[in-house]
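Morning, everyone. Please have a look at it first.

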Amino acid sequence: MQQFPQSVERLARLAQRDAEPALVQRALAEELVAALGLDQAHVVVLAGGRPSHGVVALRGAGCAEYLLTRGAGGDALDWVADAGRAVTVPDTAVAGTLPAELVRTYGPVTAAVLPLTVGEAVRAVVVLGSRTPRAWPAADLQAAAALTALAGTAVALRDARLAAAIDPLTGCLNHGAMRERLSQEIARARRQGTPLAVTILDLDDFKRVNDVHGHLTGDALLRHVADALRAEYRSFDQVARYGGDEFVVILPNVRGPRADIAAERALRALREIRIALPDGGQEGITVSCGVAEWVEPEGPAEVLERADQALRASKAGGKDGLRRAPAPAGR
């Protein structure tokens, strides 16, 4: 197992780099083949606790992805997914032991199956396969388990970083993550010479919603607003909860007028939200909005402050509207 230290190093680097789960799964399959001298290794992802799709690394032939027929897990995969423990399969010809399509396509005659655990949950099942009869010595299984545990740690770390960046009520970026993302987008705009705009939206009279209808209704309203904003803006625009009932939208490659148009469209969508009343009636909401276009050499605090000033001007002007922040003095 001369390759084992290099395999450990690769998976550890992926954990440090916040790699996507799919990239971690692919790397794990490749390193299992390299470190253990296998002809194939599969990482089968679970959906609803059952095998769904997988990636296979084949010695000398790279990686391939595949789907599994619904319910086609096989006894070994299902047992490992449920029990969270490894098992060996001396003869894959035994009907139902492994998914028939996996055996038919890739031809393993013997296999070992291990759980890929993230936290306390089994998220995927690892299948070590051999096209020729092969024993599975304890040293091989321990090495495979170690590499699989590293992959699970990489995915768990990414999950933790994502959770730390997300507001639990609305599913938007939280305040800290928004500041970090805005810093990144400013650096990108500065480097590439592209525009950038920021919008701040604030629910009018939100305190009254909590006072009259209760905090559960207020929380539900915030979730509804967040969903509406995500649906209205582009997939790569970033919607964040700024605090309380304020939301920030970061708009890369957008100049002020286009930001105004997008904000007006969002305001119209938000005006369609209704709060259900005990008597069967409904109550609408209004939102005030401030828009600022980033100007060099501003940092996050400066552009957010100008957008916030525009928002306050909108509130002072009667609410339920939009104001654009003027350019900084001397620009």
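The lining of the largest pocket holds four nonpolar, two polar and five charged residues. Nonpolar here covers Ala, Val, Leu, Ile, Met, Phe, Trp, Tyr, Cys and Pro; charged covers Asp, Glu, Lys and Arg; the others, Gly among them, are polar. This is a predicted model, where local features need pLDDT of at least 70 and side-chain atom pairs count only at pLDDT 80 or more, while totals for chains, interfaces and linings use all residues. Residues are numbered from 1 along each chain as its sequence is written, and side-chain values use heavy atoms, with hydrogens and water left out.

Back to the pocket. Its lining residues include D18, R158, R161, E180 and R181. Helices α5 (138–165) and α6 (175–192) each give at least two lining residues. The volume is about 250 Å³.

How are α2 and α5 oriented? Helix α2 spans residues 21–36, and its angle to α5 is about 165 degrees, with the axes 10 Å apart. Therefore α2 runs roughly antiparallel to α5, a label for angles over 145 degrees. Axes are lines fitted to C-alpha atoms, for helices over the stretch in contact, and angles run from 0 to 180 degrees between N-to-C directions. The crossing of α2 and α5 is right-handed: the near helix is turned clockwise from the far one by less than a right angle.

Who touches whom? Contact means heavy atoms within 4.5 Å. From α2 come P21, V24, L28, E31, L32, A35 and L36. From α5, the partners include L147, A151, V155 and R158. By class, that contact has twelve nonpolar, one polar and three charged residues.

V225, A228, L229 and E232 of α8 meet R265, A266, A269 and L270 of α9. Six of the residues in this contact are nonpolar, none polar and two charged.

Last, two backbone details. E296 and P297 are joined by a cis peptide bond, omega about 10 degrees. P297 sits in the loop between β12 (287–293) and α10 (300–316). K319 is not a glycine, yet its phi is positive, about 65 degrees. K319 is in the loop between α10 and β13 (322–324).

Technical notes:
Helices (H or I, at least four residues) and strands (E, at least two) are DSSP runs, numbered from the N terminus. On a 1 Å grid over the protein atoms alone, a cavity is a set of points where a 1.4 Å probe fits but cannot get out, and a pocket is an open set with protein on both sides within 12 Å along at least five of seven lines; lining residues have an atom within 4 Å of a point. Grid points are joined across faces, edges and corners, and a volume is the space filled by probe spheres set on the points. Angles under 35 degrees count as roughly parallel, over 145 as roughly antiparallel, 65 to 115 as roughly perpendicular and the rest as oblique.
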